[in-house]
Amino acid sequence: MLVTWRYRKRKSIIQWFDPRAWLIFYACFLACTLLFWDVRYLAVFGVVSLAILLSSGIRLMEMRRPLMFIALFGIFYSGLTFLTGRGGMEVYQSEHLITRLAAGFTLFGWQPVINVTLEKAFFSLGIFLRVFSLASMTILIPYSLNPAQYGIIFRGLGMPDKIAYAMDLTMRFIPTFGRDFMMTMDAQRARGYELENLRGGLINQVRKMAPLIVPVTIHAIIGSEDIIDAMDLRAFGVGPRVWLEQLHYKRRDIALIVFGILLFFVCGGLSMFGFGKFWVPL
Amino acid sequence: MGHTPAVFIENLSFRYRDRQELAIRDISFQIMPGELLLLAGASGCGKTTLIRCINGLIPRSYKGEISGRILLHDQDTSKFTLARISQIVGTVLQDPERQILGTRVMNEVAFGLENLALSRDEITERINESLDYLGIKHLRDRETFNLSGGEKQKVALAGVLAMHPSILLLDEPLASLDPASAQEALRLIRQLTDQGMTVLMVEHRVEDVFKINPDCVLFMEQGQIRYLGTMDGLSKVVNYHEIKLPAPLILERAASDPPPQSIQFQPAIGSPKPLVQFEEVSFGYEAGSTVLKGISLAINRGDVIAVLGANGAGKTTLVKHAIGLLKPKAGRVLVEGKDTRHISVAQVAKTLGYVFQSPSHMLFAPTVYEELAFGPTNLRHDPEAIRKEVQEAIDIVNLTGREKDPPLALSFGQQKRVSIAAILAMQSRILVMDEPTAGQDYRNYMEFMDAILQLPNFEAILFITHDIDLAVIYANRVLLVDNGQVVADGRPEEVLRDLDLLSATRLVPTSLLKLNLERVETTGRFLRAEALAHIQ
C-alpha cells in the first residue's frame with residue numbers, strides 16, 4: 001500500500017497559498033537562485049528560504065533527518081570545493097592568495113599544500129548558499145502539500161489526467177520505497193545479515209547488497225502491478241476523468257504567481273546585464 | 001433478469017502467455033442473481049485466474065490464450081472494455097492494501113466514479129451512500145493507511161460498491177482479518193446477496209463461510225472443477241484434510257479413519273533459565289503514542305506459544321522487541337540474559353529465528369537452495385552443516401525437488417514456505433512465526449506445522465495468528481494481547497475457556513474450540529477434531 005509523507009495542516013506561509021501557486025513560485029525561486037554566483041545576491045535567497053523554513057510550522061524534530069542530510073551535503077560539497085577549487089575556474093580567472101597551508105608531513109616526498117584564496121572561499125560559500133536555498137525550499141514541499149490533493153494539483157498545473165495521476169503516485173512512491181527498504185532491512189537483519197560488516201571491493205560490496213536491493217526492487221515491481229490492476233478494475237484511463245476535489249485560486253495566490261514570474265524576469269534581466277556574477281570583496 | 005444467470009461460464013480455459021500448461025481447463029458453471037458462490041481449492045489451483053477471467057483482467061492485462069464463453073447477465077463480455085465490465089463486476093482483491101489507491105477514504109471511494117466522469121454531485125451522493133451502507137461514514141475523512149485491517153477491507157469494498165456493480169468478486173476477503181472483523185465481513189456479504197447482489201467469493205476459511213450458507217460451492221483442483229454443488233455435498237466429496245470443515249463434520253468423518261498420530265513438541269535440550277524475558281516493556285512508534293504498555297513475560301524452554309489478538313493490538317510490535325528490531329522506550333528485553341539494547345539483531349538471530357509475515361520482503365537469491373543457505377552462512381555455520389540444515393528445511397516445508405527454482409518465481413504460498421524454511425535452516429533455539437498460515441491452503445499449513453513441532457531443534461516456538469484453531473491444536477500456552485497489554489497468559493484450556501474475554505479481544509470461538517470445551521473434562525487438554533473422534 002502506498003504511504004505518504006507526513007503531512008499536517010499547519011498555520012504557515014506556505015499553506016496559506018494554493019499549492020499550485022506555491023509550486024509556480026517555488027519553480028521561479030529555484031530558477032532565480034541558479035542565475036547568480038554573487039554571494040550577496042545568494043545571501044538574500046538564503047535568508048528568504050530560511051525565513052520560509054522557520055515559518056513553515058514544521059517542528060525541527062520532524063525535519064531533523066532531511067535537515068541533517070542537507071547540512072552534511074552542503075558542508076561536504078562546499079568543503080570539497082574549497083579544498084580543491086573544483087568548478088571554480090569556470091567563474092573566475094585569477095585568484096588572490098590569503099594564506100598557504102602546508103601539511104607538516106610528506107607522502108613519498110610530496111608535501112600536501114592548500115592555497116587558501118579569496119576566490120575559492122567565496123565560491124564555496126556561494127555553493128553552500130545555493131544548496132541551502134534550493135534544498136530547504138524543496139524539503140518543505142512533501143511536508144506541506146496535502147497528499148489527498150497531489151493529483152488535482154498537477155492536473156491544475158495543466159498536466160493531462162494520466163500524467164497528473166502518475167505524478168500523484170510518484171510522490172507517494174518515495175516514502176513507500178523508504179518503508180519497504182526498512183522492512184527488508186529488518187527481515188534480513190533477522191537472518192544475521194549485517195550491512196555494517198560488508199567487506200571487499202566496491203563491486204563485491206554492491207553484490208553483497210543484493211539481499212536488500214533485490215527484494216525492494218521486486219516488491220516495487222509487484223506493487224506497481226497491483227496498482228495497475230486496481231486502477232484498471234475501476235475504469236482508470238478510459239476517458240477524461242472528473243476530479244472530486246477542486247482547488248480555487250484566491251487573490252493572494254494570483255499575487256504570489258505574479259510575484260514569482262516578475263521575480264524570474266527581473267533576475268533574468270539582471271543576470272543578462274551582468275549583475276550577480278561571481279564577486280569577491282577586494 | 002431474474003431468470004438469466006448473472007454469471008454464465010462455458011468451457012473456459014486459459015493459458016498464461018509465458019506458461020506451457022493451462023491455468024484453468026474446461027470450467028463451466030453459472031450463478032443466478034442474488035446467489036453466493038464459494039470458490040475453494042488449494043493454492044495455485046486456478047481460483048485467481050478464474051476471477052481474472054470474469055473481471056476482464058484476463059486477457060486485457062494478463063495476456064495468454066483464452067477459449068470458452070463468459071456471459072454476464074446474458075451479455076458476452078469478450079468485446080467489452082474493462083471500464084464497461086467494471087460497472088457490472090466489482091472486484092475486491094485478497095489484500096485490501098493492494099487495492100486502496102486513495103490517501104483518504106473519501107478519495108478512495110471516489111476513484112472509480114471519477115474515472116467514469118460522473119458529476120461531482122453524483123459522486124458525493126454515491127460516496128455517502130456506500131459509506132452509509134457499510135456503516136463507516138465516520139471514516140470518510142480518515143487517512144487510508146492509518147485504518148485497521150477490517151476498516152481497510154470495508155473501504156475497499158465501499159470503493160467497489162459505489163460503482164453499483166451487480167456482481168461482486170471477492171478474493172479471500174477474510175485473509176487478513178481478525179476473527180471478529182471476519183464475522184462482520186461475512187454478515188455484510190450475506191446482506192449484500194440477500195439484497196440481490198451476486199457474489200463469488202474465493203476463500204480458504206471454508207468453515208467460516210459455512211456460517212452464512214452459500215448457495216453453491218465450487219471446489220477446484222489443478223485448474224479443473226472437482227466439485228460443484230451444495231455445501232452439504234462438499235463435505236462428502238472432499239477429504240477433510242484438504243479443506244477446513246466444521247469440527248462436528250470432521251468428527252463424523254474421522255471416526256471411521258484410523259486415529260491420527262499424536263504430535264507432541266519435544267524441546268531441544270537447553271538451560272532451564274528463560275530464553276527471552278520482557279521486563280515492564282513499554283514502546284510507542286511516535287512520541288506520545290503507546291503501542292506496548294508495561295509488558296512482563298518470559299519465554300521458557302518447552303513453550304509453544306500462540307499470540308492471539310485483534311488487528312493492531314500490538315502482537316507484531318511485541319515480537320519485534322524479542323529479536324531486537326525494536327528497542328523498548330521503557331523496561332528491557334533480555335535474550336539469554338543479554339539486554340537487546342547491547343547486542344545486534346544478528347547476535348539475537350542465533351537464539352531467535354523470526355519468520356516475517358510477508359515473504360516478498362526477504363526473498364532475493366537465484367535459487368531456493370541459496371536462499372536457505374543465506375541465514376546459516378551469515379551465522380557462520382560450517383558448509384557441511386549448512387547443506388544438511390538446508391535439505392532438512394526444504395523437506396519440512398514440502399519443497400523437495402525445488403532446490404534450484406528461483407524463489408521469486410514461485411506462487412505466494414510456496415514463497416511463504418521458503419521464507420519459513422529459510423529461518424528453519426538457521427537452527428535458532430526459538431522459532432518465531434508471524435501469521436505462518438496466511439495465504440496458505442489448509443493441507444499445506446497443517447502439514448508444515450505438524451512437521452515443525454516434531455523437529456528436535458527448537459527449545460521453544462512462538463507464532464502470531466488470527467486462527468484460534470491453530471492455538472487449540474498446537475499451542476501449550478496462549479498470550480492474549482489487547483491494546484498493547486497481555487491480558488491473559490496461560491494454558492489454552494484456561495485462557496480460551498473465558499468466552500467473555502475472547503469476545504472483548506475480538507476473537508470468536510470456533511466449532512473446534514467449542515467441541516474441545518465440551519470435552520476438556522474428559523480429555524484433559526485440547527485436541528484436533530480427528531483425535532477427538534476417537535475419544536469416547
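Student: How many helices and strands does chain A come to?
Tutor: Chain A has 10 helices and 2 strands. These are DSSP runs numbered from the N terminus, with at least four residues (H or I) for a helix and at least two (E) for a strand. Keep in mind that this is a predicted model: local features need pLDDT of at least 70, side-chain atom pairs count only at pLDDT 80 or more, and totals for chains, interfaces and linings use all residues. Residues are numbered from 1 along each chain as its sequence is written, while chains are lettered from A and ligands numbered from 1 in the order in which they are written.

Student: And what pattern does chain A follow along the sequence?
Tutor: The pattern is α-α-α-α-β-β-α-α-α-α-α-α. Chain A has a radius of gyration of 24 Å, well over the 19 Å from the globule rule for 282 residues, so it is more spread out than a compact globule. That radius is taken over C-alpha atoms, and the rule is 2.2 Å times the number of residues to the power 0.38. The C-alpha trace spans about 70 × 60 × 35 Å along its principal axes.

Student: What share of chain A counts as buried?
Tutor: 34% of its 282 residues. Buried means 20 or more other C-beta atoms within 10 Å of a residue's own, exposed means 12 or fewer, and partly exposed is in between, with C-beta atoms placed from the backbone.

Student: OK, next topic. How many residues of chain A are in contact with chain B?
Tutor: 41 residues of chain A, and they meet 50 residues of chain B. Contact means that the C-beta atoms, placed from the backbone, lie within 7 Å. Helix H7 (161-189) and helix H9 (210-232) of chain A are the elements that give two or more residues to chain A's side. The largest share, 14 residues, comes from H9(A).

Student: What classes of residue are on that side of chain A?
Tutor: There are 26 nonpolar, 6 polar and 9 charged residues. Ala, Val, Leu, Ile, Met, Phe, Trp, Tyr, Cys and Pro count as nonpolar, Asp, Glu, Lys and Arg as charged, and the others, Gly among them, as polar.

Student: Switching to chain B: what order do the strands of the sheet with E1 have?
Tutor: That open sheet has 4 strands in the order E2-E1-E4-E5 (chain B), with antiparallel pairing. Two strands pair if DSSP finds at least two bridges between them. Strand E2 (24-31) and strand E5 (75-76) of chain B are at the edges with a single partner strand each, so one side of each has no neighbour in the sheet.

Student: Which helix lies across E1, E2 and E4 of chain B?
Tutor: Helix H1 (residues 47-55) of chain B, running at about 115° to E1(B). Axes are lines fitted to C-alpha atoms, for helices over the stretch in contact, and angles run from 0 to 180 degrees between N-to-C directions.

Student: What about the sheet with E12 in chain B, what's its order?
Tutor: E12-E11-E14-E15 (chain B), an open sheet of 4 strands with antiparallel pairing. Helix H12 (residues 315-322) of chain B lies across E11, E12 and E14 of chain B, at about 125° to E11(B).

Student: Last one: where does B:Ser148 lie?
Tutor: In the loop between helix H6 (120-133) and helix H7 (149-161) of chain B. B:Ser148 is partly exposed, with 16 other C-beta atoms within 10 Å. B:Ser148 and B:Asn311 are 163 residues apart in sequence, yet 6.4 Å apart in space, C-alpha to C-alpha.

Key. Two residues are in contact if their C-beta atoms, placed from the backbone, lie within 7 Å.
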